[in-house]
Amino acid sequence: MSAPLLSVKNLRVAFPTRQGVFEAVRGVSFDLGRERLGVVGESGSGKSMTGRAVLGLVRPPGKVSADKLELEGQSILNLPERQMRAIRGNRISMVMQDPKFSLNPVMKIGDQIIEAYRLHAGGAKDAARQKALEMLRAVQIRDPERVMGAYPHEVSGGMGQRIMIAMMLAPDPEILIADEPTSALDVSVRTEVLNIMDGLVRDRGMGLIFISHDLNLVAQFCDRVLIMYAGRIVETLAAKDLHNARHPYTQGLLNSLPRLDHPVERLAVLQRQDSWRDGPLEGERTETDFPGGL
Amino acid sequence: MLRVDDLDVWFGFPPDRVDAVKRASFSVAEGESFGLVGESGSGKSTILRAITGLIDSWSGTIEVAGQAVAGQKRDRAFHKTVQMVFQDPYASLHPRHSVDRVLSETLKLQGMGDIDSRITRLLEDVGLGQGFRFRYPHQLSGGQRQRVAIARALAAEPRLLLLDEPTSALDVSVQAEILNLLTDLRAEHGLTYVMVSHDLSVVGHMCDRLAVMRGGRIEEIMTVDQLRHGGATEDYTRHLIAASAGYERA
Ligand SMILES: Nc1ncnc2c1ncn2[C@@H]1O[C@H](COP(=O)(O)OP(=O)(O)OP(=O)(O)O)[C@@H](O)[C@H]1O
Ligand SMILES: Nc1ncnc2c1ncn2[C@@H]1O[C@H](COP(=O)(O)OP(=O)(O)OP(=O)(O)O)[C@@H](O)[C@H]1O
Ligand SMILES: [Mg+2]
Ligand SMILES: [Mg+2]
């Protein structure tokens, strides 16, 4: 088996707070191959923070540590900002959870995509413009010419999300970390956007970390799923087995979904147990394997 | 409680004018919960923003609790009656204001007393403990920020709540808690909701009726019962329902 694209061992992110040190990520380990890796888990469980830590985007006073954080065998843990910037947006991209917030509010959308593309591929401005239009069309933006000339506050929530995806895919990254990338999309647009990501994994061997709270979607779209709770991975599953999850937290998540074909008065809510914070982990292995092959 | 008639909303001037909402009409009875679903970019948020007075370029009628509103002018009584939870919680929270300040300012603005215990109660209601009270937005996760935005809207004890994708940033367990809270509040205080969501099962759970939007127009208004039992008449609605059954790899 060849080396994974990304290898993370015992990743920790800690913030000093008034009440003492708060550990947002507490010893996360996983390998990413050329696969669709889903990450689900409760709000505040450390999903976004894990992604940010990989990209070196945790701001001080937050502290990141790990036994290992390697991109294709090369350590990227706490690299100097200049080197990290060369990796970010080039070899690893991240679609942030707050897409509109991550766009520059005073720069036209078209100019932002063109800049992102040229930073990576160089070339003439005209060609980059064509490419930008093409990418906006690919993410189902209906009137790409108008959107190119618009500012971020002039587009809808779901459009912002798609623009961010188009921008992050422009440099053709080896790894894409997508943080709730489709949470504001209606289902038909969502399908198209997922197809694009799916194609990149299948045809170009991109590694995809797909953070989402949509369990059904993750079960259908991903190959493997990590379940996070309170900063740890409590269970790792093949996506198709998600509905047979063993950890009580994962089971609880599945039960709290509303269903169109099953109306209920009140939704089931989780009874969280303190023991989940530090209790035993399900399906834990030191070596992970890669469905889909490498 | 809410009547919207022949609403047009546009941005900019010809030739660049964008017609975001075209001739939209619907009304929501007191105590009813009404869903707005449809394509991304179809004008759902724009309708809510026009109602709350964030957009001046509109025509038609908007009536809240029997009072017609005009342009962008909304008085204090309006904001006591109507509150909105925005789609984009990051943009709607002041980056330098702590959770405590956000909530206490809203409470003071509405002339409420007993601020300290109200804040405690609000945070508990949305599933955030006291540990979050003095945090700033950048110290919160996406779902935690969204819950602060919901707590702020509830702080004013409004009668009409406009909710723009209120749970799309939340994991399903927290989503269940928030939806149950909204259900309880509606039962206890007879609140009225207008809720935008792309998740048909959430709309099915929360709403009595819904409007399906596409390209700035309301394509169809239906009951949740019709939604559940295949009673959609428009092709687009049927397509939406079929697609929400799940993702299949191409
Ligand atoms: N600057 C900070 N200081 C202290 N705590 C922080 C800071 N930033 C984030 N946190 C905390 O770290 C935890 C993990 O946050 P993270 O954003 O990773 O959550 P998440 O799993 O992505 O949740 P969500 O689904 O709500 O987006 C949260 O409890 C959050 O409150
Ligand atoms: N300030 C603005 N200036 C120009 N155009 C705008 C402005 N705000 C919104 N629009 C346009 O109006 C249309 C409707 O946007 P709106 O935000 O209402 O969509 P939405 O239905 O809420 O979509 P989503 O589900 O993606 O959030 C979009 O085409 C958008 O680009
Ligand atoms: Mg997050
Ligand atoms: Mg919207």
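Trainee: Which residues coordinate the magnesium ion (ligand 4)?
Mentor: Ser45(B) through OG and Gln87(B) through OE1, at 2.0 to 2.2 Å. Donors are N, O and S atoms within 2.8 Å of the metal (3.2 Å for Na, K and Ca), and water is not among the atoms, so sites may look incomplete. This is a predicted model: local features need pLDDT of at least 70, side-chain atom pairs count only at pLDDT 80 or more, and totals for chains, interfaces and linings use all residues. Side-chain values use heavy atoms, without hydrogens and water; residues are numbered from 1 along each chain as its sequence is written, with chains lettered from A and ligands numbered from 1 in the order written.
Trainee: Where do Ser45(B) and Gln87(B) sit in the chain?
Mentor: Ser45(B) is in helix α1 (residues 44-52) of chain B, and Gln87(B) is in the loop between β6 (82-85) and α3 (89-92) of chain B, 42 residues apart. Helices (H or I, at least four residues) and strands (E, at least two) are DSSP runs, numbered from the N terminus.
Trainee: Why does Gln87(B) count as partly exposed?
Mentor: Because its relative accessibility is 22%; buried means under 20% relative accessible area, exposed over 50%, partly exposed in between (1.4 Å probe, protein chains only).
Trainee: Switching to chain A, what is the strand order in the open sheet?
Mentor: β7-β8-β9-β3-β10-β11, 6 strands with mixed pairing. Two strands pair if DSSP finds at least two bridges between them.
Trainee: And which are the edge strands?
Mentor: β7 (92-95) and β11 (232-238) of chain A, each pairing on one side only.
Trainee: How many bridges join β3 to β9 in chain A?
Mentor: There are 4, and the two strands run parallel. Gly38(A) stands opposite Phe210(A) in β9(A).
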